[in-house]
Amino acid sequence: MNQLPMNQLETASGGKMSKIIVANWKMNGSNAFINTFFQKLTPKSPHKVVFCPPYPYLSVVSSHIKEYHYYLGAQDCHTNNAGAFTGDISAEMLIDIGCQYVILGHSERRQHHQETSDIVFKKSQMAIHTGLTPIICVGETLNDRNTKNHLDVVKQQLIQSIPQTTTPLIIAYEPVWAIGTGLTATLSDIVEMHQMITTHCQHKDKVLYGGSVTTDNASEILSQPNVDGVLVGGASLKPEMLNTIIE
Ligand code: PEP
């Protein structure tokens, strides 16, 4: 990766540019873990930090983050707001317990729960209608990239997953082959994809990168044009690493 100077994270006026850091804890955590985690986390940040723990811990995490002005997000929601959907959680419930964000269409949901872009579209519509900001995930497989179809595949996901809205959205570009693998896209691959995504989004939407973001690569990824933040999985479970990424 090309090393870019840290000061590219600064605005023209010399102030720090605010980024979005989303911590996706996936199916990890416990009450004991959360207590220890927040004792080690640096309290204040100029950036928007969104914690997405599993459903049972949303309220526990909420009580920890309130005083630090961090934000709360869930990892999914249903297409409906109430009804006979055993085991599901609605956007209205998430709002009710203090969530502002919801991750939708994560590749692990697309893979393990057969979520199509059509379902992601309906979930996104419901989230927006209810007042949540969806963090809509898109990304190509390794085969898509090797066959040079990555841009088309992601463009189709954008077209099929994102509803027409004036609400500002967050799009997370997460190459499937980079999630939890220790592999990251090259900086030029990230810039190319974010450029394409930006041209297909509203001006006020934000575009994040996700895929094995760690303390080693976060600052240079965050320094790239059109990268408004990062979605962090594994490293967000380690408070020392998350502190460094945020800093
Ligand atoms: C993710 O959970 O979306 C993710 C990018 O995970 P990791 O950072 O572990 O690759």
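The buried residues of helix 1 pack against strand 2 (48-52), helix 2 (58-65) and helix 10 (239-246), where contact means heavy atoms within 4.5 Å, and where helices (H or I, at least four residues) and strands (E, at least two) are DSSP runs numbered from the N terminus. The model is a predicted one, in which local features need pLDDT of at least 70 and side-chain atom pairs count only at pLDDT 80 or more, while totals for chains, interfaces and linings use all residues. Residues are numbered from 1 along each chain as its sequence is written, and side-chain values use heavy atoms, with hydrogens and water left out.

Within helix 1 (residues 31-40), the buried positions are I34, F37 and F38; buried denotes under 20% relative accessible area, exposed over 50%, and partly exposed in between (1.4 Å probe, protein chains only). Viewed down the helix axis, the buried residues of helix 1 fall within an arc of 90 degrees, so they line one face of the helix, the arc being that of the directions from the helix axis to the C-beta atoms. The face turned away from this buried side carries the exposed residues A32 and Q39.

Strand 4 (residues 101-104) is covered on both faces, with Y101 and I103 buried on one side and V102 and L104 buried on the other. Strand 4 pairs with strand 3 in the parallel sense over two bridges, pairing being assigned if DSSP finds at least two bridges between two strands, and G73 stands opposite Y101 in strand 4. Strand 4 also runs parallel to strand 5 (residues 133-138), to which four bridges join it, and here V102 stands opposite P134 in strand 5.

Nine salt bridges are found in a search of the whole structure, each being a side-chain nitrogen of Lys or Arg within 4 Å of a carboxyl oxygen of Asp or Glu. In one of them, the side chains of D76 and R109 meet at 3.2 Å, N to O; this pair links distant parts of the chain, 33 residues apart, with D76 in the loop between strand 3 (71-74) and helix 3 (91-96) and R109 in helix 4 (residues 107-112). D76 counts as buried at 6% relative accessibility, whereas R109 is partly exposed, with a relative accessible area of 23%. E115 and K123 form a salt bridge in which the closest N and O atoms are 2.6 Å apart, and both residues are buried. D76, R109, E115 and K123 are linked in a network of salt bridges.
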